[in-house]
Amino acid sequence: MTHTPDPLEALAQSAAALHRAGRATEAEQAYRAVLARAPDHAEAWNGLGVLQGSQGKTDAAAASFEAALKATPGDARASCNLGLMRQQQGRLDDAVALYRRALVLAPDLVEARVNLGLALALSGHTDEAEAVLRGVLADDPGQAEAHMNLGALLERRGDIEAAMASYGRALAVRPGLVQASNNLGNLLKARGDLAGAEARFRAALAADPDHAAAHMNLGMLKLMQGEFEAGWAGYRWRAKALSRRPAPLASPAWDGGDLAGRTILLRHEQGLGDTIQFCRFVGAVRARGAGPMVLQVPTPLVRLLAEAFDGVRVISEDETAPQHDVQAMLMDLPGLLAVTLSTIPDAPYLRVPADRTQAWRARLAALPGLKIGLVWRGNPLHQDDAARSVPAARLAVLAAAPGLSLVCLQKDATAEERAGLGVALDAAALCEDFADTAACVAALDLTISVDTAVCHLAGALGRPVWALIAAAPDWRWMAGRDDSPWYPTLRLFRQAAPGDWAGVLEQVCAALCTGEFV
């Protein structure tokens with residue numbers, strides 16, 4: 001007797017086959033056709049969720065996996081898949097619970113064990129995370145993702161050598177494991193092995209040509225090396241690589257061409273220092289035929305930038321953008337303008353009203369000797385803040401230098417920190433926003449800062465500034481130089497090794513004795 005296949009199951013099998021073949025549009029249509037006939041078809045919901053997740057549609061994928069679990073509450077794989085979406089949404093406690101549920105349903109589901117290890121690590125439960133991952137590897141040393149996730153855990157702990165070894169073992173098992181290659185590239189770059197880092201980023205892209213983080217990281221590596229054309233192209237991938245982005249607008253993106261009098265909105269996207277660094281391109285955009293220009297920036301910068309750029313409307317990030325024809329992110333401007341090392345717009349490009357600077361000079365006149373501004377830590381939410389910030393106590397050596405007065409520019413400095421440094425004036429307490437801070441910086445003889453916004457501010461004002469830079473610096477400080485093409489009045493003092501602030505401060509003290517600040 002001839003067996004007639006069930007039409008619905010045949011369609012479900014066809015959807016899965018299309019999915020495996022990479023025919024995403026057709027696969028989605030087939031999954032939805034199954035669900036139109038059988039809204040409780042768990043396998044179709046699960047397959048659709050996997051497809052949506054692979055396209056970066058995290059919220060839609062989560063909804064599909066929830067539907068799969070509603071249809072079949074005992075589906076361990078759907079629970080694991082939903083856990084991964086919750087993890088990507090930053091809902092780590094939910095992710096951990098879903099992975100644990102999956103393992104109750106299917107104790108041998110290796111994917112759930114591996115993902116549980118990473119979610120525990122990300123949520124700070126590092127000891128349990130390590131036990132889970134090492135347990136997976138004891139059972140099967142060939143689990144590449146477990147090696148990779150253990151590497152990520154060790155990296156978060158600061159055990160860089162062990163992390164690199166784990167990433168290496170992951171790649172030995174599966175050479176095309178993209179995230180392991182990308183992670184290893186970042187660690188090699190941090191160690192100064194730029195050639196090795198580039199090789200890993202390119203290996204990641206060979207395995208997945210659309211891997212946004214690898215494109216972005218390769219772009220930042222090229223920027224660090226002064227190869228701006230390739231660098232800006234790669235850096236644009238941050239729009240897909242970074243999870244924290246401004247809400248998109250419906251208006252078209254500017255392509256860098258002649259604006260022909262159109263209104264353009266320029267939007268900030270990252271930190272205060274980034275905004276200060278890249279607002280220098282306002283004039284270059286105007287030269288492309290801009291009509292009315294609107295600059296949308298963080299609230300603490302509004303007054304400063306409104307005073308700096310004539311004819312530009314400056315609004316806060318909290319305000320609704322006015323009507324405009326095109327828009328651009330500030331940090332895309334150098335790529336759109338094809339900026340090279342030799343065509344970076346000169347500093348200074350910010351200015352402070354003379355009366356405000358004079359008021360600060362009068363206030364500082366009572367202090368003896370040279371007036372030196374200090375900033376020793378940045379935004380604690382910055383992912384690299386632990387490496388770039390200096391404990392205030394380490395800067396106490398500056399207080400012993402003769403002939404100077406230390407002025408605190410550090411927001412939220414404690415009384416103990418100020419006392420330990422022998423601060424002569426807490427200027428930060430007298431500043432409401434960056435317009436006030438700029439006036440103070442303009443009146444100082446020198447500003448010494450870690451890699452944070454005040455460093456950019458002093459450079460943009462054309463004032464002498466010394467930056468204390470970690471061994472693995474941000475791309476903008478480039479490699480192997482103690483000056484900066486971005487700020488002619490900036491001098492860089494780099495760590496010779498991670499954590500070596502003592503060596504940096506020894507150089508700073510020696511330089512202070514010369515009295516030459518630029």
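**View 1. Helix α26 and its packing partners.** The buried residues of α26 pack against α21 (385–388), α22 (396–399), β6 (404–408), β8 (446–450), β9 (465–469) and β10 (490–494). Those buried residues are W501, G503, V504, L505, V508, A511 and L512. Here, buried stands for under 20% relative accessible area, exposed for over 50% and partly exposed for anything in between, using a 1.4 Å probe and protein chains only. A contact is a case of heavy atoms within 4.5 Å. This is a predicted model, in which local features need pLDDT of at least 70 and side-chain atom pairs count only at pLDDT 80 or more, while totals for chains, interfaces and linings use all residues. Residues are numbered from 1 along each chain as its sequence is written, and side-chain values use heavy atoms, leaving out hydrogens and water.

**View 2. The length of α26.** Helix α26 covers residues 501–514, and its 14 residues should span 20 Å at 1.5 Å a residue; the end C-alpha atoms are 20 Å apart, so the two agree. The expected span is 1.5 Å times one less than the number of residues. Helices (H or I, at least four residues) and strands (E, at least two) are DSSP runs, numbered from the N terminus.

**View 3. A six-stranded open sheet.** Follow the strands in the order β7-β6-β5-β8-β9-β10, and you will find parallel pairing. At the edges sit β7 (425–426) and β10, each pairing on one side only. Two strands pair if DSSP finds at least two bridges between them. For β8 and β9, there are four bridges in the parallel sense. One detail to look for is V450, whose bridge partner in β9 is L468.

**View 4. Helix α25 across the sheet.** Helix α25 (residues 453–460) lies across β5 (370–375), β8, β9 and β10, and runs at about 145° to β8. Axes are lines fitted to C-alpha atoms, for helices over the stretch in contact, and angles run from 0 to 180 degrees between N-to-C directions.

**View 5. Cysteines without disulfides.** How many disulfides does a search of the whole structure find? The search finds zero, where a disulfide is a pair of cysteine sulfur atoms within 2.5 Å. The sulfur of C440 is 5.5 Å from the closest cysteine sulfur, in C431, which is too far for a bond. C455 is in no disulfide either, and the nearest cysteine sulfur, that of C279, is 14 Å away. C440 is buried, with a relative accessible area of 0%, and C455 is buried, with a relative accessible area of 0%.
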